[in-house]
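Please have the sequence and the model open side by side.

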Amino acid sequence: MAAAAARRIGSGRRVQLAVVAVPIYCGVSAVLLPPYLPESMLRIAVSLIALLCLLTTAAAQTPPATTAPPAQTAAPAKKAVKKAAPKAKPAAQQPVAAESGPCQIGVISAIGDQFSVQHVGLTMFGNEYMEAPIETWGIDDLFVARVRATAPGTAVRKVAYASGAFRPYYHPEAKLFRNDRDDLTALVRQIAGAANCERYVVATKARVSVDGTNQSIEGLGVYKNWASPSGRGVVVSYFRINVFDGRTFDIHRAPTRSFGDVIASSFSNKNDNMQILNNLEFPKTPEQVTSSALLRDSTRSLLTAQLDRYLPAYIKGE
C-alpha cells in the first residue's frame, strides 16, 4: 500500500513524502521513498516493491525440496551374549575300585556287624537280649589284617559283599532238613564271583550257650548273670573259620589240635573265647554299646589274640 503526504517544512515549502506501507510478512512495515520522485515513478516503485514482497513470500512458503532420507543405518548388532558354560556337575562318587592283580587268599569276614548283649535272669522273666550295630569298630578289617600278618608275602584280598548277605544264613527259614555246609558253600560261591582267588578264608559267627543255661549268645557280645557282682560282665568271641578251594569251593578239612593242646586245655581254667570285665557299666541301649570304648577295645583285643593263635594252622594247612 502506498500513500502520499504533504507537509510543510522549514519556510513553508511543501515537501511531498511518499510512504509505502508494506505488509508485515515482507519483513518491514513501511518504506520511505525520496520526495522528489514523480508520481509515475512512485507508482512503479510501489508496484516493484509489492511484487518483490510477493515473490519473497512465495519463496518462503515453497516447501524445501525433499531429500532422500539418509540411508538407514543397520541396527547396531546386539552384543553376543555369552552363555555361561554350564557348571560341571560334580562327578558322581565312583565305587571303590576292586583290588586288582593275582589273589592267593580271599578273605570273607561276616562277624563284625552286630554285637549281642545278653542278661540272664533268675527266671525266664528276667532274661533280656538286644543287638547293637558295631560296623564302626572295624572288626572285619581286623580279621583281614590278621590274615595278612599270618601270611606275609602272600597276595591277600578282602572280598566285599552286600549288606545283609549273610542274614539268610544266620536266620534261615524253617526246613525239615537243612545242610549248613551246603548253604554256606552256595553263599561263598556267590560272593566270590569273579575274584578268582586260589582259596577263601571265611569267618562266620557261632552260637553257644551261656553258662550252661538255656540262653545263648552269638558271635561277638557281652553277657552277665543275675548272680554276677555289680559292674561285672563277660565279653565273648565265638566264630568259625572255614577255608574254601578257589576252583571247586570244597571246604578244606579243619586243622586238628595236637595232643599237647588237648592236655593243656584240660588242665587250664582259661577260656580263650571270653574275657571278664570287672569295671563295666552294663549297657542298656544299643547306643551305649556302640559308643563304649571299653567294649570295643576289649572285643578287638580278645579277637586279635584268638586269630593269632588259630589262623596259622588254617593258612599253612597244618
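Which elements each supply at least two residues of the lining of the second largest cavity? They are β5 (114-120) and β6 (128-133), strands being DSSP runs of E of at least two residues and helices runs of H or I of at least four, numbered from the N terminus. A word on the source: this is a predicted model, where local features need pLDDT of at least 70, side-chain atom pairs count only at pLDDT 80 or more, and totals for chains, interfaces and linings use all residues. Residues are numbered from 1 along each chain as its sequence is written, and side-chain values use heavy atoms, with hydrogens and water left out.

That cavity has a volume of about 40 Å³; on a 1 Å grid over the protein atoms alone, a cavity is a set of points where a 1.4 Å probe fits but cannot get out, and lining residues have an atom within 4 Å of a point. Volume here is the space filled by probe spheres set on the points, which are joined across faces, edges and corners. Its lining includes Gln114, Tyr129 and Lys205.

Now turn to the whole protein. Its secondary structure comes to 7 helices and 14 strands. Of the 318 residues, 32% are buried, that is, under 20% relative accessible area (1.4 Å probe, protein chains only). Among contacts (heavy atoms within 4.5 Å) between residues at least 6 apart in sequence, 66% join residues at least 24 apart.

Methods:
Buried means under 20% relative accessible area, exposed over 50%, partly exposed in between (1.4 Å probe, protein chains only). On a 1 Å grid over the protein atoms alone, a cavity is a set of points where a 1.4 Å probe fits but cannot get out, and a pocket is an open set with protein on both sides within 12 Å along at least five of seven lines; lining residues have an atom within 4 Å of a point.
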